[in-house]
Amino acid sequence: MGDTSSLVVRYLRATVVGQSPEPVLSVDYEMETRITDVSDDGIMMTVKNYGTNVALDRKRVLAPPDLDSLLLQAVDDLTAEIRLAPNGALDRVTNWEDLRGELIDHAKELAGDNDELLRAIDAFLPEVNAIDAVQLFARPLAMSAPGRVVTFDPPEGTSVNVEKLELPSFASYAAGRWSFDLVNRPDIPHNITVQWLGVPGASELKAILAPFTKGDDNVSDGKMWQRFTASYDDRDGKLLFFQGVMELKAGPFQRRIALEAQAKGR
């Protein structure tokens, strides 16, 4: 009880529209987790993010330029209580109703007089439930959880393919086709490493691309894929390393997002 761990996290987003690249957004922060209770029903832990730094093209900015960076800043120094299932998957933020108002207030303070961000906050945060809130406070932990849940049968069974599975990802819980592989990482001591690649189904892809196609259903080159790699300590199950990458293309719009987390001191 009271077992703690810390992660150093970086979020990166690069966007190109036609031949015009937008400034690269980066958000760096640290995440601390503490186990508070262990039972047959699962695990309770607290998660706290701190030291958030937002930059555009490597130049620090004080005012968040968009909703993504604003939300990462807004959770800074708030403590979420999260329940984990026995298999290690993150279930929900149990104190979400207590945190929601504080998070909205903090987000609006950061938005200042930016009417566009204020409208986005009012449209988004009141609709977030306790399950979705996990990805606000503990995105690297949520996204790395599928690698804990999948089962292999080595040495022969080191790959698993699944269809129409909803997993935490850059597209929330959009269903898709996923392939999991057990991989060798000799550069990381005492590790179990899983890599998985996913593409959304046709209807899910259409919904994901909709904000970028402006209602044009005839965009023929629209595509999106995601790849994740997670390394866990084979002794205590702690997350050692995580990387998630998403690429999306819809007509002239292209976006690449990466989320990386490294155990502090490893």
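# Briefing: contacts, core, pockets and cavity

The model is predicted. Its largest nonpolar core has 67 residues. Its largest pocket has a volume of about 1000 Å³.

**Val-160**

- Val-160 sits in strand β8, which covers residues 159-166.
- Is Val-160 buried or partly exposed? Val-160 is partly exposed, because its relative accessible area is 23% and buried means under 20%.
- Thr-229 is 69 residues from Val-160 in sequence. In space, the two are 15 Å apart, C-alpha to C-alpha.

**The nonpolar core**

- Nonpolar side chains tend to be buried together in soluble globular proteins.
- In the largest nonpolar core here, Trp-96 and Phe-137 have the most contacts inside it.
- Helix α2 (residues 96-111) gives this core its largest share, six residues.
- Trp-96 is in contact with Leu-103, Leu-125, Val-128, Asn-129, Ala-130, Ala-133, Leu-136 and Phe-137, leaving aside neighbours within four places in sequence.

**The largest pocket**

- The volume of the largest pocket is about 1000 Å³.
- The pocket is lined by 33 residues, and Asp-68, Phe-124, Arg-139, Phe-170 and Ser-172 are the closest to its centre.
- Elements that each supply at least two lining residues include helices α1 (67-74), α3 (115-124) and α7 (202-213). Strands β1 (4-17), β12 (239-250) and β13 (253-263) are also among them.
- The lining has 21 nonpolar, four polar and eight charged residues.

**The second largest pocket**

- The second largest pocket has a volume of about 550 Å³.
- Which residues lie nearest its centre? They are Ile-35, Leu-84, Asp-236, Gly-237 and Lys-238, out of 25 lining residues.
- Strands β1, β3 (25-39) and β4 (42-56) and helix α5 give two or more residues each to this lining.
- By class, the lining of the second largest pocket divides into 13 nonpolar, eight polar and four charged residues.

**The cavity**

- The count comes to one cavity of 30 Å³ or more.
- About 50 Å³ of space lies in the largest cavity.
- Residues lining the largest cavity include Ser-169, Ala-171, Trp-178, Pro-200, Ile-208, Met-224 and Gln-226.
- How many charged residues does the lining of the largest cavity have? There are no charged residues, alongside eight nonpolar and four polar ones.

Notes
Residues are numbered from 1 along each chain as its sequence is written. This is a predicted model: local features need pLDDT of at least 70, side-chain atom pairs count only at pLDDT 80 or more; totals for chains, interfaces and linings use all residues. Side-chain values use heavy atoms; hydrogens and water are left out. On a 1 Å grid over the protein atoms alone, a cavity is a set of points where a 1.4 Å probe fits but cannot get out, and a pocket is an open set with protein on both sides within 12 Å along at least five of seven lines; lining residues have an atom within 4 Å of a point. Grid points are joined across faces, edges and corners, and a volume is the space filled by probe spheres set on the points. Helices (H or I, at least four residues) and strands (E, at least two) are DSSP runs, numbered from the N terminus. Ala, Val, Leu, Ile, Met, Phe, Trp, Tyr, Cys and Pro count as nonpolar, Asp, Glu, Lys and Arg as charged, and the others, Gly among them, as polar. Buried means under 20% relative accessible area, exposed over 50%, partly exposed in between (1.4 Å probe, protein chains only). A nonpolar core is a set of buried Ala, Val, Leu, Ile, Met, Phe, Trp, Tyr and Cys residues joined through side-chain atoms within 4.5 Å. Contact means heavy atoms within 4.5 Å.
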